[in-house]
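Please look over the model below before reading on. The numbered points that follow are meant for someone new to it.

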Amino acid sequence: MKHYEMKKQSQRCQVEILDAKTREKLCFLDKVEPHATIAEIKNLFTKSHPQWYPARQSLRLDPKGKSLKDEDVLQKLPVGTTATLYFRDLGAQISWVTVFLTEYAGPLFIYLLFYFRVPFIYGHKYDFTSSRHTVVHLACICHSFHYVKRLLETLFVHRFSHGTMPLRNIFKNCTYYWGFAAWMAYYINHPLYTPPTYGAQQVKLALAIFVICQLGNFSIHMALRDLRPAGSKTRKIPYPTKNPFTWLFLLVSCPNYTYEMGSWIGFAIMTQCLPVALFSLAGFIQMTIWAKGKHRSYLKEFRDYPPLRMPIIPFLL
């Protein structure tokens, strides 16, 4: 019996790769090791079809099924000695780091163009003039700090479970971030801009909210980074640490989104600017969708996941 099992494990497999749409045979791989991973099969497939590099490939067991993970092992899949896999082209890919750096550097640069009132924005007589309102300068500092923080986190903090995303996403993301940055900056730095209704007290309260939430957001990002060793795709349940800002993990699955939302609410209160409020609303809707998705994944993957947690807003949502 043991001899039979060893023989079965040592028996090499054949892998047939078909187009998921047309069912056309694209590739036939002979003598594939049973312990080969999907990532290794993708590399073998690329040798016969160089135009489809591994990051561009989606391999699945069913034409309409879910993509197999790169770390999945062939012999652990429900296939025989001849495996049929279905291929879908994910399109041109670009690294997450490149996308994040591009979409975050844009708002930083664009906002400063309006802040310094470069020519052709507000009229010749306002070229390179400065606002007399303190809140305008404070808003520029906060906005710049936020995006510099995001750029540094992208380079030194975040660890991505997926190395790439579709190239088309960079155009969609940049349109969103760059467009809103220009819209907000135009009104906040406009020569006719008026300060918030309740003056300095409103600005101080909003600044406190913004700073606290930025610290909280950074703390959560560091806690999430420590959960995943470099180069690993390991997923664990995030729990609070000794840092008080991480205690929000007791109530929500994605406190980084909660703090991010809080930062923009603070910025909206500080500037009392409609485009900022709309950007905050759009961000809240998108982050709620992401948070719900992550919350569902946690519940599905971990049976002992804390039952009191909500996706993004404690006790509500």
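1. This is a predicted model, in which local features need pLDDT of at least 70, side-chain atom pairs count only at pLDDT 80 or more, and totals for chains, interfaces and linings use all residues. Residues are numbered from 1 along each chain as its sequence is written, and side-chain values use heavy atoms, with hydrogens and water left out.

2. Helices and strands are DSSP runs numbered from the N terminus (helices: H or I, at least four residues; strands: E, at least two). Among the elements that cover the buried residues of α5 are β5 (93–95), α3 (96–115), α4 (134–156), β6 (164–166), α7 (255–271) and α8 (274–301). Buried means under 20% relative accessible area, exposed over 50%, and partly exposed in between (1.4 Å probe, protein chains only).

3. The buried residues of α5 are Asn169, Ile170, Asn173, Cys174, Tyr177, Phe180, Ala181, Met184, Ala185 and Ile188.

4. Helix α5 (residues 168–188) has 21 residues and, at 1.5 Å a residue, should span 30 Å. The expected span is 1.5 Å times one less than the number of residues. Its end C-alpha atoms are 31 Å apart, which agrees.

5. Tyrosine 177 is buried because its relative accessible area is 12%, whereas tyrosine 176, at 27%, counts as partly exposed.

6. Trp183, Tyr187, Leu274, Leu278, Leu281, Ile285, Ile289 and Trp290 make a nonpolar surface patch of about 800 Å². The elements giving two or more residues to this patch are α5 and α8. Helix α8 has the largest share, 6 residues. Leucine 274 is in helix α8 and counts as exposed because its relative accessibility is 59%.

Conventions
Contact = heavy atoms within 4.5 Å. Patch = residues over 30% accessible without salt bridge, like charges linked within 9 Å, V, L, I, M, F, W, Y side chains within 5 Å. Areas by Shrake-Rupley, 256 points an atom, 1.4 Å probe, with all protein chains shown as cover. Salt bridge = Lys/Arg side-chain N within 4 Å of Asp/Glu carboxyl O.
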